[in-house]
Amino acid sequence: MHPMLNIAVRAARRAGTVINRALNRLGDVHIDTKGHRDYVTEVDREAESTIIQTLLDAYPGHAIIAEESGEHGSSDFVWVIDPLDGTTNFLHGYPQFAVSIALKVRGELDQAVIFDPVRDELFTASRGVGAQLNNRRLRMRECQGLSHALVGTGFPIRNAATLAAYLPTLTAFLPQVSGIRRAGSACLDLAFLACGRLDGYWEFGLSEWDIAAGALIVQEAGGIVTEPNGGSGFLKSGNILCASPRIHREMLKTLQDAQQ
Ligand code: IPD
Ligand code: CA
Ligand code: CA
């Protein structure tokens, strides 16, 4: 394993321990509201500081972009961290949330970890080397066509304009696919796509930390990751479409037709 990935795995597992411990005392967890239907808990903050400390102990010169504490430092090596993706699920004890850590090197995704502490599933990827689930190599499933596909998505409930742009795409996909799931953790949606539990995934209005690790894991499992218009700036725009090659073509066409 790449030494930087090894450190990221250590950081993600430590954060997972913080999260699992808190699951047993959910009623006592302190919750703050960051914005409209946007929550942060002491658990998000503790998991994040555990991750940052682990990474900076090993690589003190590296920079950080983290959901709860923002940007620290400046370097060619930037860690992009979502300490708890799926906070609303976590607060309900709904078992769909995870830790997401990616390393960008000179702006390019290079290493990725997503850790699901409930299922003890560790998804990892290194650029050019492949993706793994618990050390088993991941290859994306080749679905026969959109009508057979189970696809994931997310509802952009915090922004009215994004929701208005999104809803026609949901209406367009519903009659075309085998099923649509909104599970509530973007990083796990991507991890589930990489291991064949989903065939495609699209969402609008995400942040870089929601998708950075998952995008590399999907790419290294053989999937295609773009914006819903086919562009490559998904980390910046937060609008994303991912699937295996054949489904990606079909989903792109549906999205383009729906947005005309
Ligand atoms: C959220 C989850 C969710 C997505 C939201 C994200 P958070 O992350 O990934 O699936 O639809 O847009 O903000 O706030 O739980 O870290
Ligand atoms: Ca998130
Ligand atoms: Ca989060």
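## Ligand site

Ligand 1 sits in the largest pocket of this predicted model. Its shell comprises 14 residues, of which Asp85, Gly86, Thr87, Arg158 and Glu203 come nearest. Among the elements that contribute to this shell, strand S5 gives the most, with three residues.

For Glu203, a side-chain N or O atom is 2.5 Å from an oxygen atom of the ligand. In the case of Thr87, the contact involves a backbone N or O atom, which lies 2.9 Å from a ligand oxygen. At Asp82, the distance between a side-chain N or O atom and an oxygen atom of ligand 1 is 3.3 Å.

The area that ligand 1 exposes when taken alone is 380 Å², and the protein buries 90% of that.

Strand S5 spans residues 77-85, and eight of its nine residues are buried, so the strand is largely enclosed by the rest of the structure. Buried here denotes under 20% relative accessible area.

Strand S3 (residues 63-66) runs parallel to S5 and is joined to it by four bridges; within this pairing, Ala63 has Val78 of S5 as its bridge partner. The pairing of S5 with strand S6 (residues 98-105) is antiparallel and comprises seven bridges. Here Phe77 stands opposite Val105 in S6.

In a regular strand, side chains alternate between the two faces of the sheet.

How values were computed
Residues numbered from 1 in each chain as written. Chains lettered and ligands numbered in written order. Predicted model: local features only at pLDDT ≥ 70, side-chain atom pairs only at ≥ 80, totals over all residues. Heavy atoms only, no water. Buried < 20%, exposed > 50% of the residue type's maximum accessible area, 1.4 Å probe, protein only. Helix = DSSP H or I, 4+ residues; strand = E, 2+ residues; numbered from the N terminus. Pairing = 2+ DSSP bridges. Near = heavy atom within 4 Å. Polar contact = N/O pair within 3.5 Å; in protein donor to acceptor, adjacent residues only side chain to side chain. Areas by Shrake-Rupley, 256 points an atom, 1.4 Å probe, with all protein chains shown as cover. 1 Å grid on protein atoms, 1.4 Å probe; cavity = no way out; pocket = protein on both sides within 12 Å on 5 of 7 lines; lining within 4 Å. Sits in = over half its atoms within 2 Å of the grid points.
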